[in-house]
Amino acid sequence: MPVLHTLLRLGVPLLAAAALPTVPAPPAVPAPPAAAAPPAAAAPPAVAAAPAVAGSVAVSAPAASAEEPGWRAEPVSGSAGSAVRPYFYLAGPPGTVLEDRLALVNTTGQEHTVTLRGADAHNTAGGALAVRPARESTDAGSWISFGSGSTVKLPPRTRAVVPFTVTVPPASPPGDHPAAVVATEAGREVGVRVHLRVGGPALAALTVEDVAVRGRGAGRVVSYTLVNRGNVTLAPRLAIRAEGRFGEVAGRAPRAVPVELLPGRRVTLTEPWPGAPVLDRVELTLTVTAPGGARATAAASVWCLPRGITGRTGAGLLALGGAIPAALVLVRIRRSRRARREPADASAPAPVRTPAPDHELTGASR
């Protein structure tokens, strides 16, 4: 299987922009010989790197490469002289048809043949952004079509403009439907992000689950899972509060989580915990918030023990826990045997039994 390399340009998901009207694809026009790649636009917090999962094409931020093939894909700017858009943003109610244009730029002296398709975007388990193969794109990626055909021939040093439409089905649920326009040639894939918002009620909601602590010493990290329970893309912020047996210990101040959490997705992340105590039992409370009113908390208890004594301490506690009840039983048996062997003293006065006070606990239920 050829190595798939996809560059998906990232953008802030909730910025509004008007959709451009469809125009016929003009004939290819010569591009300046020294055409330079457009400057990188402002992007949301960097997406945590994660390996590609089966059936997905991993996505990364644009980067210069010695193997640059000499062609690129980008949204057509909104007006003459304006900066290149880093992504597409389209919005409309169910049942509408939205239009925009993609630019393919060939800066080399040879012809390229590029194939276009729409694809659903999603989070991998580790939080990275990815696009699905065509056969697995059943949401917004399948709504994208190219009026001039999905195969484009790019003569040397030319720029072609390709119109496309997004046909939103009438029964589409409201909220964000992340997608991408993917251009492919000889196993290389370049994706341009499509932020699609279907009109209707927007719900920002999330949960934080499976909190645990891993590692030892300064290398301790807090592991947790975030789940987007709403219908809009979230930019979460995380705060960690830690309370030990001997008082509050260092946690983590609120900070942005390096992931763009898409609707319905679940990601597992880790957060460094350099302030973890050496020896203490700590109650951790994680609080995650996101714009739109989303908020969730989760708690966990953890023993912080010095490196190398964890196993011995655990075995010692188990042994001690079993030895104490056994010792108490042995003491009671020996006292009972000693009382039977000692003769009764006739001159000793008979013990006087007094009733137990009301507040004494006798072991009987009241």
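# Chat on a predicted model

A: Starting with the aromatics: ring pairs link Phe-88, Phe-146 and Phe-164 into a cluster. Keep in mind that this is a predicted model.

Q: How many aromatic pairs is that by the count?
A: The count comes to two aromatic pairs. Phe-88 and Phe-164 make an edge-to-face pair, because their ring centres are 5.0 Å apart and their planes stand at 80 degrees.

Q: Where do Phe-88 and Phe-164 sit in the chain?
A: Phe-88 is in strand 5 (residues 88-92) and Phe-164 is in strand 11 (residues 158-167).

Q: Phe-88: buried or exposed?
A: Buried, because its relative accessibility is 0%. Phe-164 also counts as buried, at 1%.

Q: What about Phe-146 and Phe-164, which kind of aromatic pair do they form?
A: A tilted one. The distance is 6.1 Å centre to centre, with 50 degrees between the planes. Phe-146 lies in strand 9 (residues 144-146) and Phe-164 in strand 11, so the pair ties together parts 18 residues apart in sequence. Phe-146 is buried, as is Phe-164.

Q: Switching to confidence. What does the chain average in pLDDT?
A: The average pLDDT is 73. Of the residues, 61% score at least 70.

Q: Which elements have the lowest and highest mean pLDDT?
A: Strand 3 (residues 57-60) has the lowest, at 33. Strand 12 (residues 175-176) has the highest, at 97.

Q: Where is the pLDDT below 50?
A: Residues 1-67 are one such stretch. Beyond near neighbours in sequence, that stretch has 130 contacts in the model. Residues 351-366 are also below 50. That stretch has two contacts in the model beyond near neighbours in sequence.

Q: On to charges. How many salt bridges are there in the whole structure?
A: A search finds nine. One of them joins Arg-117 and Glu-189, with the closest N and O atoms 3.7 Å apart.

Q: Which strands does the pair of Arg-117 and Glu-189 tie together?
A: Arg-117 is in strand 7 (residues 112-123), and Glu-189 is in strand 14 (residues 188-198). The pair therefore ties together parts that are 72 residues apart in sequence. Both Arg-117 and Glu-189 are buried.

Q: What does Arg-72 form a salt bridge with?
A: With Glu-74. The closest N and O atoms are 3.0 Å apart. Arg-72 and Glu-74 are both buried.

Q: And Glu-271, what is its salt bridge partner?
A: Arg-255, with the closest N and O atoms 3.0 Å apart. Glu-271 is in strand 19 (residues 266-272) and Arg-255 in strand 18 (residues 247-256), 16 residues apart.

Q: Is that Glu-271 buried or exposed?
A: Glu-271 counts as buried, because its relative accessibility is 6%. Arg-255 counts as partly exposed, at 35%.

Q: Now the largest nonpolar core. Which residues touch the most other members?
A: Val-208, Tyr-224, Leu-226, Trp-273, Leu-284 and Leu-286. The core has 30 residues.

Q: Which elements give two or more residues to this core?
A: Strand 15 (206-214), strand 16 (221-228), strand 17 (237-244), strand 19, strand 20 (280-290) and strand 21 (294-304). Strand 21 gives the most, with six residues.

Q: What lies apart from it?
A: Another core, of 28 residues. Among them are Trp-71, Leu-104, Ala-140 and Val-192.

Q: Back to strand 17. In which sense does it pair with strand 18, and over how many bridges?
A: Antiparallel, over six bridges. Strand 17 and strand 18 form a hairpin with two residues between them. Ile-240 stands opposite Arg-252 in strand 18.

Q: Last one, Gly-95. Where is its place?
A: In the loop between strand 5 and strand 6 (97-106). Gly-95 counts as partly exposed, because its relative accessibility is 44%.

Q: What does Gly-95 touch, not counting residues up to four places away in sequence?
A: Val-168, Pro-169 and Pro-170. The C-alpha atoms of Gly-95 and Pro-170 are separated by 3.9 Å, though the two residues are 75 apart along the chain.

Key:
Residues numbered from 1 in each chain as written. Predicted model: local features only at pLDDT ≥ 70, side-chain atom pairs only at ≥ 80, totals over all residues. Heavy atoms only, no water. pLDDT = per-residue confidence, 0-100. Helix = DSSP H or I, 4+ residues; strand = E, 2+ residues; numbered from the N terminus. Contact = heavy atoms within 4.5 Å. Salt bridge = Lys/Arg side-chain N within 4 Å of Asp/Glu carboxyl O. Buried < 20%, exposed > 50% of the residue type's maximum accessible area, 1.4 Å probe, protein only. Core = buried A, V, L, I, M, F, W, Y, C linked by side-chain atoms within 4.5 Å. Pairing = 2+ DSSP bridges. Phe/Tyr/Trp six-rings, centres within 6.5 Å; stacked < 30°, edge-to-face > 60°.
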